[in-house]
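Please read it alongside the sequence and the model displayed here.

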Amino acid sequence: MTQNGDLPILPGATLGVLGGGQLGRMFAHAAQRMGYFTAVLDPDADSPAGRVSHHHIHSDYADVDGLARLAGLADAVTTEFENVPAPSLEHLAVARPVSPAASAIAIAQDRIAEKAHFTRCGVPCAPYAVIETAAQLAAIEDHLLPGILKTARLGYDGKGQQRVKTRAELVEAWQASGCVPCVLEKLLPLEFECSVILARGRDGQIVHFPAQRNLHRDGILAVTEVHALNMPKTVAQGAVNSAKSIANGLGYVGVLCVEFFALADGSLVVNEMAPRPHNSGHYTMEACDVSQFELQVRTLAGLPLAPPRQHSPAIMLNLLGDLWFTSGEEKPVSPRWSDVLALPGVHLHLYGKIEPRPGRKMGHLTLTGATLESVRANASQAAQLLG
Ligand code: ADP
Ligand code: MG
């Protein structure tokens, strides 16, 4: 066990993560490959990361005993999702190095604070208004409609969002949300979506992956494609520069993903950020010489950050629980993995979730290959085989 603040934390030490989902599982895999022990804290007794970790603390995120056990086991602590209570991170930070900091997580978990941060950093977002009171609702200007009403907190994968065309629909939607704090965002005509993942060290050094092009279906990421030819250079560079400003503005330490909307006129607006590795960066495990999860380990441990180099074009296909129900049977049926794995350059990741459910992220496929064309052809075959 190292003393608090004693960096770098070298292999042989134990790295802790709050959250036991698939992102925590892939963090644990990366840490273990480098010779670290891992400890996961998650309220679920049977979590994807808990299953592969050396230690699994089964407790609520705000439970002081659970947090004390984590601090006792781990030499440093990170998080795999943004809805961990910020006070829990503050509590842990008294005893151990914690990254990202509670202050950054607190901003990322509240769309109102997040958009204010983007604006402070000079990065434009979609036109929006805050709705916390009936008076603010009544004062909404017409140009924000049609729009999307998003709850300020706890939204993910399109949950907590309602599309509204008229003022009457807006009023109804806000009431349906329970009149919780929300933002109303103007519905923009998107040319495409992209994201940038970067890692920032304690010394302020930033390394980043290339901008990724993302396709969402029903508010959930479906496909990520990464190749220099799939978006204008100016858009890719603009996204990288904005992501860096946002990370610097937070004094951020750790891996950060920033999502953007590219509009038809070539302009770019920021959508949201995730203070952790991101679904759109899973391809980095096979297509880059350092993955987003290894960079999370390195930033947490205070190790040097290697600038990533992508060595293969890549396409990532998310595997949602729906794929287990394509045969029409009521019981889940495993997708045709043998046929999919017969394709070249296919990398299958399943997260060890026992119960497939529609909309649930069960795993992903990454496809790599010599050319973007060959990767696209294999990805479309894989998608067809999966139904
Ligand atoms: P989540 O936190 O659920 O990922 P997002 O705010 O990223 O929520 O929205 C999910 C998806 O909905 C986006 O990736 C995009 O496809 C669509 N979307 C969100 N906001 C807008 C908008 N203002 N205009 C057009 N599409 C949007
Ligand atoms: Mg999103």
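In this predicted model, Glu 185 touches Lys 115, Ala 126, Pro 127, Tyr 128, Leu 144, Gly 147, Ile 148, Lys 150, Phe 261 and Asn 271, leaving aside residues up to four places away in sequence, where contact means heavy atoms within 4.5 Å. Glu 185 has its place in strand β8, residues 182–186; helices (H or I, at least four residues) and strands (E, at least two) are DSSP runs, numbered from the N terminus. With a relative accessible area of 3%, Glu 185 is buried, a class that covers values under 20%, with exposed meaning over 50% and partly exposed in between (1.4 Å probe, protein chains only).

Residues are numbered from 1 along each chain as its sequence is written, and chains are lettered from A and ligands numbered from 1 in the order in which they are written. Because the model is predicted, local features need pLDDT of at least 70 and side-chain atom pairs count only at pLDDT 80 or more, while totals for chains, interfaces and linings use all residues, and side-chain values use heavy atoms, with hydrogens and water left out.

**Salt bridges**

The structure holds 13 salt bridges, each defined as a side-chain nitrogen of Lys or Arg within 4 Å of a carboxyl oxygen of Asp or Glu. Four of them are listed here.

| Salt bridge | N to O distance |
|---|---|
| Lys 115 and Glu 185 | 2.9 Å |
| Glu 185 and Lys 150 | 3.0 Å |
| Arg 33 and Glu 294 | 2.9 Å |
| Glu 355 and Arg 357 | 3.6 Å |

The side chains of Lys 115 and Glu 185 meet in a salt bridge. Lys 115 belongs to helix α5 (residues 111–120) and Glu 185 to strand β8, so this pair ties together parts that are 70 residues apart in sequence. Both Lys 115 and Glu 185 are buried. The side chain of Glu 185 also meets that of Lys 150 in a salt bridge. Since Lys 150 lies in strand β6 (residues 147–151) and Glu 185 in strand β8, the pair ties together parts that are 35 residues apart in sequence. Lys 150, at 4% relative accessibility, counts as buried. In the salt bridge of Glu 355 and Arg 357, by contrast, Glu 355 is partly exposed at a relative accessible area of 46%, and Arg 357 is partly exposed at 38%. Salt bridges that share partners join Arg 33, Glu 294 and Arg 298 into one network.

**Domain 1 against domain 3**

The domain assignment of the chain gives domain 1 (14–98), domain 2 (127–186) and domain 3 (190–386), with bounds that come from an automatic or database domain assignment. The centres of domain 1 and domain 3, taken over C-alpha atoms, are separated by 23 Å, and 23 residues of domain 1 are in contact with 21 residues of domain 3. Between them the two domains bury about 1,800 Å², 67% of it on carbon and sulfur atoms; buried area is the accessible area (1.4 Å probe) that two parts lose on being put together, summed over both. Gln 22, Leu 23 and Met 26 supply 30% of the area that domain 1 buries against domain 3, more than any other three residues.

Across this interface of domain 1 and domain 3 the rule finds two salt bridges. On the side of domain 1 that touches domain 3, β1 (14–18), α1 (22–33) and β4 (76–79) each supply at least two residues, and α1 gives the most, with eight residues.

All ten residues of helix α10 (residues 292–301) are buried, so the helix is largely enclosed by the rest of the structure. Among the buried residues of α10 are Glu 294 and Arg 298. Just after α10, Gly 302 takes a positive phi of about 75 degrees.

Leu 372 is found in helix α12, residues 372–386, and at 5% relative accessibility Leu 372 counts as buried. Leu 372 touches Glu 225, His 227 and Pro 313, not counting residues up to four places away in sequence. Leu 372 and Gln 175 are 197 residues apart in sequence and, C-alpha to C-alpha, 47 Å apart in space.
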